[in-house]
Amino acid sequence: MKLNESEKPLLLGIILSLFTGFILFVITDKVPSSWQRVSLPDLSNQPVKINVVHAINPRFQSLNETQYLGVLKHTQRLVKQHLNIDVEFNRVENISIETLFSYLPEHVIRAREKLIIQLNQVTEADVNDMWHSIYTSLEPFRNNPDAVIDYAQPYLINTLPVNNLEELTDRLVETLIVRGQYWYNYKVEDGKPVVDGSPYNEWVWWDSLGYGHLPYQLVITNQLVVSAERYGMATHSSLRGGITAGTTSYSKDSSNKAYIFASTFQLINNAPMLTRLRDDAAYSEQQIIEYTAALITHELGHMFYHYAHPFNKKACIMNPTPLLKYRQWVEGLDADKCQMLALPAMQPGAAKIDFNPDW
Ligand SMILES: [Zn+2]
């Protein structure tokens, strides 16, 4: 992918600040020692029952009733196929995004608000923190960096070859900033930008909702989650300019101690940035249903088995969607082939879901 003319001056600035700040980076584990790990769920009682809600921001388009029911039905099929689990969805009435965010406890907001980075006013310290946040997620690949480099390299805004994880992190930070800033200016039908000063686009809050008494294991939303933060930044989200399609996080009241959010924004809407990051200018109704279901199935793999990400293993549902190329991703999936690979990332407990018991 070539660099846009408008992206070049900004990119130069980021490279310079990265270079000057480089020696200041100290790699430590950011998770405090008091943090605990969620245990693997008991899956002996099937079908596993999942409470699902549709949380809607009225500013954006959302799945209609037929599409929503289609997603749930298709997800049941995919979960059986890729995870060999029977699930049953217990649907509750749609809620507004405002109601959903009322579950967020004040003390967690206070504890985490400083972890948010505004991509339209990035300081040198922010660049350092984002670098660290991304590098921490790459550290498990230290002895075997090729797969994640091969996964990311084609989609970076700077096409020069990447030789190691440090260089990959530099490029991911550049890509994140340039692509993420787009949403501060891109306006939807109501004349306001997608990122409008509300908390709803911030991944930190989606990662924190489970500290409230959240009565859902699955939240499907039409909200775009696009942001940068000082912890937990993933390679695939950074490539997309900070867009997170879904996450599995701790949830204190959930039977399996986790909940999932899955966003449909990047599938339903056709902003030029989205079109640029995916393989079709617009996705058809059927594609939207299938791809949302695949996204939820990926997250259920995190929830049920605590699977990690086998980057670039295209047969596996746990390989994160490259950019927003859902068609290419779904067409490459092959549950049997993936199983035969017996990948370490797809052993139960390969990924950790952490929580802070004091919250
Ligand atoms: Zn994932």
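Four bridges join strand S6, residues 218-221, to strand S9, and the two run parallel. Strands here are DSSP runs of E with at least two residues, helices are runs of H or I with at least four, and both are numbered from the N terminus. Two strands count as paired if DSSP finds at least two bridges between them.

Before I continue, a note on the basis. This is a predicted model, in which local features need pLDDT of at least 70 and side-chain atom pairs count only at pLDDT 80 or more, while totals for chains, interfaces and linings use all residues. Residues are numbered from 1 along each chain as its sequence is written, and side-chain values use heavy atoms, with hydrogens and water left out.

Let me return to the strands. On its other pairing, S6 is joined to strand S2, residues 48-56, in the parallel sense over four bridges. There, Val52 stands opposite Leu218.

S9 also pairs with strand S8, residues 246-250, this time in the antiparallel sense and over five bridges. Tyr250 is opposite Ala258 of S9, and Gly246 has Ala262 as its bridge partner.

How many residues of S9 are buried? Six of the six, residues 258-263, are buried, so the strand is largely enclosed by the rest of the structure. Buried means under 20% relative accessible area, exposed means over 50%, and partly exposed lies in between, with a 1.4 Å probe and protein chains only. In a regular strand the side chains alternate between the two faces of the sheet. In S9, Ala258, Ile260 and Ala262 point one way, and Tyr259, Phe261 and Ser263 point the other way. S6 is likewise covered on both faces, with Leu218 and Ile220 buried on one side and Val219 and Thr221 buried on the other. For S8, five of its five residues are buried.

I turn now to helix packing. Two packed helices are described by the angle between their axes and the distance between the axes. Axes are lines fitted to C-alpha atoms, for helices over the stretch in contact, and angles run from 0 to 180 degrees between N-to-C directions.

The axes of helix H2, residues 65-83, and helix H12, residues 285-305, come within 8 Å and cross at roughly 50 degrees. That makes H2 oblique to H12. Angles under 35 degrees count as roughly parallel, over 145 as roughly antiparallel, 65 to 115 as roughly perpendicular, and the rest as oblique. The crossing of H2 with H12 is right-handed; a crossing is right-handed if the near helix is turned clockwise from the far one by less than a right angle, and left-handed if anticlockwise. Among the residues that meet here are Val71, His74 and Leu78 in H2 and Ile289, Ala293 and Phe304 in H12. Contact means heavy atoms within 4.5 Å. By class, this contact of H2 with H12 has eleven nonpolar, eight polar and two charged residues. Ala, Val, Leu, Ile, Met, Phe, Trp, Tyr, Cys and Pro count as nonpolar, Asp, Glu, Lys and Arg as charged, and the others, Gly among them, as polar.

The second pair is helix H5, residues 124-138, and helix H7, residues 165-180, which pack at about 125 degrees with their axes 9 Å apart. H5 and H7 are therefore oblique to each other, and their crossing is right-handed. The contact includes Met130, Trp131 and Ile134 of H5 and Leu168, Leu172 and Leu176 of H7. Its classes are twelve nonpolar, one polar and two charged residues.

Within H12 I would also point out His298. His298 is buried, at 7% relative accessible area. Beyond its neighbours within four places in sequence, His298 contacts His309, Ile317, Met318, Asn319, Pro320 and Trp329.

Finally, the backbone exceptions. Most residues other than glycine have a negative phi, and most peptide bonds are trans. Where does the model have a cis peptide bond? One joins Gln46 and Pro47, with omega about 0 degrees, and Pro47 is in the loop between strand S1 and S2. Lys257, in the loop between S8 and S9, has a positive phi of about 60 degrees and is partly exposed at 37% relative accessibility. Leu323, in the loop between H12 and helix H13, has phi near 45 degrees, and is buried at 0%.
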